[in-house]
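Student: I'm new to this one, so please walk me through it slowly.
Tutor: Gladly; have a look first, and then ask whatever comes to mind.

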Protein chains: 2
Amino acid sequence: MTWSKTEKTVARKAFDEAYRKECEVLTEKVRTMAAQISEPQDLWRIQDLLEEQRRSTDDKYDYRYSVLIFVFARLIREGWLSADDLAGLAQEKLDEINHLASRQW
Amino acid sequence: MTWSKTEKTVARKAFDEAYRKECEVLTEKVRTMAAQISEPQDLWRIQDLLEEQRRSTDDKYDYRYSVLIFVFARLIREGWLSADDLAGLAQEKLDEINHLASRQW
């Protein structure tokens, strides 16, 4: 699949926005956990969460055009993107993304 | 070196207190950093700090009587314990701890 200049702009924006949203939710979670620390173990729980999320986002947010269809499908499935965020991509790509997003995993 | 029952009580209390203090300082640092998160990288900075501190405290807080003199010397050197916290240990142990604490590392 080739990506036109317009599509690349749409894709980049949607990708960055999803990452930003996911990090915002994580930020709120970390702030809540930090406010509630009452014993050392609570500190290490924050570390465990951050480690897991860092690994997960590093793995998930892979901006290579060869895998972007799969990345977007996953982000829609997980609720970080809506189909509207991808308006501007070719119909063929949108169909493929929606098809993948609705599959059972 | 042998540890009497009284010394073991003093040692345990001082050890736990130092760990608690160190975790409290770390908690304050994490809360401040969490409040100031403004970009994803700030989240991973918290993880880096926690990872480093967890490794460091796991290594430092080693409650084996065979190494406790060295542990207390380090905690005094780093300011997590004062000599007063160890009142009740045999003079021989206190001398050794103070001697080790004042060495250059």
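Student: Is Lys60(B) buried or exposed?
Tutor: Lys60(B) counts as buried, because its relative accessibility is 4% (buried means under 20% relative accessible area, exposed over 50%, and partly exposed in between, with a 1.4 Å probe and protein chains only). Please keep in mind that this is a predicted model, in which local features need pLDDT of at least 70 and side-chain atom pairs count only at pLDDT 80 or more, while totals for chains, interfaces and linings use all residues. Residues are numbered from 1 along each chain as its sequence is written, chains are lettered from A and ligands numbered from 1 in the order in which they are written, and side-chain values use heavy atoms, leaving out hydrogens and water.

Student: OK, and where is Lys60(B) found?
Tutor: Lys60(B) belongs to helix 2 of chain B, where helices (H or I, at least four residues) and strands (E, at least two) are DSSP runs numbered from the N terminus.

Student: What is Lys60(B) in contact with?
Tutor: If neighbours within four places in sequence are left aside, Lys60(B) is in contact with Glu22(B), Val71(B), Arg74(B), Leu75(B), Glu78(B) and Trp80(B), contact meaning heavy atoms within 4.5 Å. With one of these, Glu22(B), the side chain of Lys60(B) makes a polar contact of 2.9 Å (a pair of N or O atoms within 3.5 Å; within protein, one must be able to donate a hydrogen and the other to accept it, and residues adjacent in sequence count only if both atoms are side-chain atoms).

Student: Switching to chain A: which side chain meets Lys60(A) in a salt bridge?
Tutor: That is Glu78(A), with an N to O distance of 2.6 Å; a salt bridge here is a side-chain nitrogen of Lys or Arg within 4 Å of a carboxyl oxygen of Asp or Glu. The pair links distant parts of the chain, since Glu78(A) sits in the loop between helix 3 and helix 4 (91–101) of chain A and Lys60(A) in helix 2 of chain A, 18 residues apart. Lys60(A) counts as buried at 4% relative accessibility, whereas Glu78(A) is partly exposed at 34%.

Student: And what does Arg74(A) form a salt bridge with?
Tutor: Arg74(A) forms one with Asp59(A), their closest N and O atoms being 3.6 Å apart. This pair, too, links distant parts of the chain, with Arg74(A) in helix 3 (residues 68–77) and Asp59(A) in helix 2 (residues 40–60) of chain A, 15 residues apart. Asp59(A) is exposed, with a relative accessible area of 53%, and Arg74(A) is partly exposed, at 25%.

Student: How many salt bridges are there over all chains?
Tutor: A search of the whole structure finds 26.

Student: You mentioned helix 3 of chain A; how many of its residues are buried?
Tutor: Seven of its ten residues are buried, so helix 3 of chain A is largely enclosed by the rest of the structure. Among them are Leu68(A), Ile69(A), Phe72(A) and Ile76(A), and the buried residues of this helix pack against helix 1 (5–35), helix 2 and helix 4 of chain A. Just after helix 3 of chain A, Gly79(A) takes a positive phi of about 90°.

Student: Now the two chains together: how much area is buried between chain B and chain A?
Tutor: About 1,900 Å² is buried, with carbon and sulfur atoms giving 66% of it; buried area is the accessible area (1.4 Å probe) that two parts lose on being put together, summed over both. In chain B, Trp44(B), Gln47(B) and Arg54(B) lose the most area to chain A, together 34% of what that side buries. The contact takes 21 residues from each of chain B and chain A.

Student: How many salt bridges does the rule find across that interface?
Tutor: It finds two, and Asp48(B) forms a salt bridge with Arg54(A), the closest N and O atoms being 2.9 Å apart. The elements giving two or more residues to the side of chain B that touches chain A are helix 1 (5–35) and helix 2 (40–60) of chain B, and helix 2 of chain B gives the most, with eleven residues.
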